[in-house]
Amino acid sequence: MLRRPRRNRKSAAIREMVEETTLTTKDFIFPLFLLEGKNRKIEVESMPGIFRLTTDLMLKEIEECLKLGIKAFDIFPVVEEKHKDKMATQSANHDFFYLKALKEIKSRFPEACIMTDVAMDPYSSDGHDGIVDENGYILNDETLDVLADMALAQAETGIDIIGPSDMMDGRVEVIRDILDDNNFENVSIMSYSAKYASAFYGPFRDALDSAPKSGDKKTYQMNPANKHEALIEAELDADEGADFLMVKPALAYLDVIHLLKENHELPIAAYNVSGEYSLIKAAAQKGWLDGERTMMESLLSIKRAGADVILSYFAKEAAVILKR
């Protein structure tokens, strides 16, 4: 045989030399869950190793992560039921704990990239990403004003990236317009362009207590059966002013990540979601999988599929491994 591909696998040094995909801490955004109050740390039962943290403890967590090389964080608010209403009014209240915390975090760590979530569901008494009418229908255009006010309030705290995760039609353009009109043209938008109506979100909804009170999200999140529809959503978001295009979930949609990467020049982000995290964690706890190897292989597959940015609850663990 003149050709023996195994020759390029015969030692670690040669395998590393011809390695096509390299994972680094620069690829990661670490999602964090913010609690109201002080000195509170509550583990998410369905996400072993992931905690809801108050601002004081989150500051310490971010400091640790920065030392490991993680420089970007996506911060989600855990909103108590008493603060929720149909119009998500607390989402634009500068005296609310989330916006106050964002300002403090960005002031403390100006070198960190802070991303925020724009959607009504954490603040909504209905648990949906949009306004729900009396018939249970999610109102698209009326919701855009709420999302715009929310995005502006977040930008005013000094954060770097707005992450509209709601999947309302036209929201990127509305958010881009209100940011630009208020001199926040340097605030980026990472649009959840292809966000699927997935079963993998369950543990995240446990973490935020944000599950819909009735119905589901299938009228605005995408059908898992559809791939080319993602191109339509991504094209609209790019035209409306998005700076990044995201696919969510990641592992079950590697083909969609690849499709967007092949068809767009904007950076592609992928959200390695809570259910994907919990599957590996649960199997590792049972001894059915090598958790560390499975984690790193999964993250590498997302990068190999074409993701430039990976949002993952594994980010800190992976950073420790990459550092050593």
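Residues are numbered from 1 along each chain as its sequence is written, and side-chain values use heavy atoms, with hydrogens and water left out. Because the model is predicted, local features need pLDDT of at least 70 and side-chain atom pairs count only at pLDDT 80 or more, while totals for chains, interfaces and linings use all residues.

**Exercise 1.** Classify the ring pair Tyr192 and Tyr271, and say where its two members lie.

*Solution.* Start with the rule: rings of Phe, Tyr and Trp (its six-membered ring) pair if their centres lie within 6.5 Å, and planes under 30 degrees apart count as stacked, over 60 as edge-to-face and the rest as tilted. By this rule the model has eleven aromatic pairs. In the pair asked about, the centres of Tyr192 and Tyr271 are 6.4 Å apart and the planes stand at 50°, so the pair is tilted. Next, place the residues: Tyr192 belongs to strand β9 (residues 188–195) and Tyr271 to strand β11 (residues 268–272), so that the pair links parts of the chain 79 residues apart, where strands (E, at least two residues) and helices (H or I, at least four) are DSSP runs numbered from the N terminus. Finally, check accessibility, for which buried means under 20% relative accessible area, exposed over 50% and partly exposed in between (1.4 Å probe, protein chains only). Tyr192, at 0%, is buried, and Tyr271, at 1%, is buried as well.

**Exercise 2.** Is the pair Tyr196 and Tyr253 stacked or tilted?

*Solution.* The ring centres of Tyr196 and Tyr253 are 4.2 Å apart with the planes at 20°, so this pair is stacked. Tyr196 lies in the loop between β9 and α6 (202–208), whereas Tyr253 lies in the loop between β10 (244–248) and α8 (254–263), so the pair ties together parts 57 residues apart in sequence. Tyr196 is buried at 0%, and Tyr253 counts as buried at 7%.

**Exercise 3.** Describe the surroundings of Phe51.

*Solution.* Phe51 is found in strand β3 (residues 51–54) and, at 28% relative accessibility, counts as partly exposed. Leaving out residues up to four places away in sequence, Phe51 touches Phe33, Lys41, Ile42, Glu43 and Val44, contact meaning heavy atoms within 4.5 Å. One of these, Lys41, lies over the face of Phe51 at 4.5 Å from the ring centre; a charge sits over a ring if NZ of Lys or CZ of Arg is within 6 Å of the ring centre and within 35 degrees of the ring normal.

**Exercise 4.** Which residues have the most contacts inside the largest nonpolar core?

*Solution.* A nonpolar core is a set of buried Ala, Val, Leu, Ile, Met, Phe, Trp, Tyr and Cys residues joined through side-chain atoms within 4.5 Å. The largest one has 109 residues, and those with the most contacts inside it are Phe33, Phe73, Met190, Ile257, Tyr271, Leu299 and Leu311. Helix α4 (residues 140–155) gives the most to this core, with nine residues.

**Exercise 5.** Which residues lie closest to the centre of the largest cavity?

*Solution.* A cavity is a set of points, on a 1 Å grid over the protein atoms alone, where a 1.4 Å probe fits but cannot get out, and lining residues have an atom within 4 Å of a point. The largest cavity has a volume of about 110 Å³, a volume being the space filled by probe spheres set on the points, which are joined across faces, edges and corners. Of its 15 lining residues, Asp121, Ser165, Lys195, Phe204 and Lys248 are the closest to its centre. Helix α6 gives the most to this lining, with three residues.

Terms used. 1 Å grid on protein atoms, 1.4 Å probe; cavity = no way out; pocket = protein on both sides within 12 Å on 5 of 7 lines; lining within 4 Å.
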